[in-house]
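Here are my notes on this structure, point by point. Please keep the model open while you read.

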Amino acid sequence: MSEYFIEIVNGVKTFLTGMKMTLKHYNNKEELVATLQYPHEKWPIPERNIGFENSEYNLIRSRLHVDIDDCIGCLQCEKVCPVDCITIDTIKPPKGTDVDFGMTSLDTQKKMLVTRFSIDMSECMYCNLCAYPCPEECIYMVGGPNEHKHEIDYEFSQYKRDGLIYEFADPTDAQFAEVGGEAYVESRQSQKQKLVDGENLEGIVEEEKKVVVIEESQESTKKDDDSGLSLKIFNNVDDKPARGVAKKSFQAAKRGAMDYIAMADYINSAIIAAGKSSPEMAAAIELIKNYKDEVVAPSQSEPSPDISTNVILEADDLGATLFDVKSLNGIEDKMSRGIAKKAFIAAKREVLDDNGKIDAIKLALNEAEKMTSEIEVLLSSFVAITINPVESTPGVSLIPDVSLFDIKLLNDIDDKMARGSAKKVYMAGKRGNKLTIEVLADIRNELTGSGMMDDDIDNLIKGIG
Amino acid sequence: MTSIVKSIVGSFESLPIDPFLLAILAILVPGIIIFLIMAVNALIAVYFERKISAFMQDRLGPMEVGIFGFKGGKKFWGGIGQTFADAIKLLSKEDIIPNDADRFLMMMAPFIIFTGAFLTFIGLPMSDSLVISNFNIGIFYIIAMSSVGVIGIILAGWSSNNKWSLYGAMRAAAQMISYEIPIALSLILVVLVSGHLDIHGIVQWQADNRWFILHSPFAALGFVIYFVSVVAETNRTPFDIPEAESELVAGWMTEYSGFRWALFFLSEYANMLIVAFVASIVFLGGWLSPFQMIDLPYIDILPESWLILDGVVFGIFWMFVKAIILIFCMMWFRWTFPRLRVDQLMYVCWKIFIPFALANVILISIWELIRMWIF
């Protein structure tokens, strides 16, 4: 029983002893703390002592350092290195030139330029053999007895292996020029450029492509310039949308190889359809007409089958390259532009031709009810690119039928579906250069066929007719 | 005696508010308060624990992480943002549940343990009349609720389907149930003497007489038994055999990760705060100022309130001061003593604490009888 109480008393005693001890440590001053906050604080590196009196031997096997100003480029260290971790390049000035490289700290005249002095510390085995033959005592292990020359490198750790290659010589281009090392500088720069190029090899390929494209487009613009007329004549027009419409139709007409009167009419019709006519515009169109009076393109007056086929080919090529997503930037409303572009890309993926693409775009716009006459005109101008040349050979007029009624009239149809299909028929008719009566009949047939015909539309069609 | 719930309901009763909304308000507000207390407590206590352990072992502890660029002083506040970083790390970790585990139970267990700690706070006053809900059997409620966690621990250990977890859970259950007996027996002393189960009654008795720890040698011994037992009850070193790292990996927490593990952690530190609060309420005068008991000669010269520092707000202050001192002691134990063996643990409980606590109850009753007979 007494053992039981003795145990308890002992327990309490040791309990208190332990508590006292930890509290003593808790109150310890900072000097007694064992932790060393490593990146902020560092232990001193212990001096090496191998027992010799000679302090030279007590060096610390730390990092090699070179005082490059003292280096005379004698290559002794490079030769003696057992693991070949030292690489030195030098350039001697050509005979006759008088270049002063200065003196070393041991009063030796330097005779050449050390262009490269690299030591790969990942290969170095710290034998210190390079330090002994150096006549200028400029290569040495840092720290220890050499502490006064270069302080010790605590840890020369690197994230990449390349970081362990220490470059000591860094001559400037001026120094190179002095010793006649321009060729060296050039080769060095080209090497650097190759490295940069190698890093983004894909970029180079893209650039080359771009250059080709630019050349092509330059050629095509040259061709345009040869014909004498340019888009600049519309620059007097202040109204931007109107200018856009005019320019688009101008280009379309040009690609369609129209004569200038036809071109003027075509542009005029487009402007009227967009409701953008203005005195400036009229003046510009007049200019185009006059232009024709002054310079008559002889090839146009004597159409021959060869030339026309050439025209077709050219136009086809141009159309293929030039009707792209950027062509749709003429659409001003952001929403409808987005829809049109989406439809374009989708159509492109299905490998449709330009007509197919335009139809797809129109369909998409109709569905979203974003179709406006401006867009119609814009799109139909692209249709002209590919279709008109084909039709130009038999000599059919390229001018859209001015007598065809305005598509806006169809906006009075209340039913969205009916309006959409009516407009589709209208556009098809317009493309086929049909007359108003024909188009109206088509619309009537289409709507009756799909059961969307009602009295209002009937009246409307009659009214248009 | 008012409570937070009652005052919320009472202050909005006159306003035309839907009683249903009022009930939600009366539930939400105290709930959020408790959760905030638990979270902030865990954040601060973990940091203190790391720092205190470091200083007791002549280290520095966390020194690198600051808050918004503020890194604090050289020594104690050096890594003030560490626990915030840890909390973010914990919350962003993957919630891993083993294939063979009992998914439902394993997911439930942390919440049961958390609920145990959470519910205890309801009956625990922070200061005079600053209690979420006032019970007339407050001390009984707290003892009852603090043992709810055992169910969660057993569920966690069983559902993990891991032998370490199961061993840990079984040890925890054995330990916690054993140590509840000396805890209850030492809390009975104050109930015997003051005649109250109600916490406000107990503190009022101490205000009228003196702190209970100074009542008699038996009360002081009761405090020691209580305090050592609650260290075991909260599974802290030297009684941390349920999660003994060197034997059981992490005991019943072995298979848990991320948020669920954070809940264990949160409830562990909340339990520390709870037992420290109960100890200060029952033995150290609760929210009473320590200056009240000392008969200072110059108390008449200075305004009384300067030295007494009483009232609801200072009550909170004193409660936390006492609790923090006790928590410091628990940390001090942890970093001083080596872990007990299972048999030693049971020996301390059943052969030392329980006989002494029982004797204590009898002796304090006799002490009270003699006092009544003399005076």
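1. One reminder before the details. This is a predicted model. Every value below is computed from it.

2. Begin with a pair of helices in chain B. Helix α4(B) and helix α6(B) are roughly antiparallel to each other. Helix α4 spans residues 103-122 of chain B, and helix α6 spans residues 149-159 of chain B. They pack at an angle of about 160°. Angles over 145 degrees count as roughly antiparallel, so the label applies to α4(B) and α6(B). Their axes lie 8 Å apart. The crossing of α4(B) past α6(B) is left-handed.

3. Which residues of α4(B) and α6(B) meet? From α4(B) come L105(B), M106(B), M108(B), A109(B), P110(B), I112(B), I113(B), G116(B) and A117(B). From α6(B) come G149(B), I151(B), G152(B), I153(B), L155(B), A156(B), W158(B) and S159(B). By class, this contact has 13 nonpolar and 4 polar residues. It has no charged residues.

4. Now step back to the whole of chain B. It has 14 helices and 0 strands. Read from the N terminus, its elements run α-α-α-α-α-α-α-α-α-α-α-α-α-α. Chain B holds 375 residues, and 43% of them are buried. Next, take the contacts in chain B between residues at least 6 apart in sequence. Of these, 76% join residues at least 24 apart.

5. Look for a cis peptide bond in chain B. It joins T237(B) and P238(B), with omega at about 5°. Where is P238(B) found? It sits in the loop between α9 (217-233) and α10 (245-248) of chain B.

6. Turn to chain A and check D107(A). Its phi is near 60°. That is a positive value in a residue other than glycine. D107(A) belongs to the loop between β2 (86-91) and β3 (113-120) of chain A. Is D107(A) buried or exposed? D107(A) has 7, so it is exposed.

7. Finish with E137(A). This residue has a positive phi of about 55°, although it is not a glycine. E137(A) lies in the loop between β3 and β4 (139-141) of chain A. How many C-beta neighbours does E137(A) have inside 10 Å? There are 15, so E137(A) counts as partly exposed.

Note on methods: Residues numbered from 1 in each chain as written. Chains lettered and ligands numbered in written order. Predicted model: local features only at pLDDT ≥ 70, side-chain atom pairs only at ≥ 80, totals over all residues. Axes fitted to C-alpha atoms, helices over the stretch in contact; angles between N-to-C directions. Helix = DSSP H or I, 4+ residues; strand = E, 2+ residues; numbered from the N terminus. Parallel < 35°, antiparallel > 145°, perpendicular 65-115°, else oblique. Left-handed = near helix turned anticlockwise from the far one by under 90°. Contact = placed C-beta atoms within 7 Å. Nonpolar A, V, L, I, M, F, W, Y, C, P; charged D, E, K, R; others polar. Buried ≥ 20, exposed ≤ 12 C-beta atoms within 10 Å, placed from the backbone.
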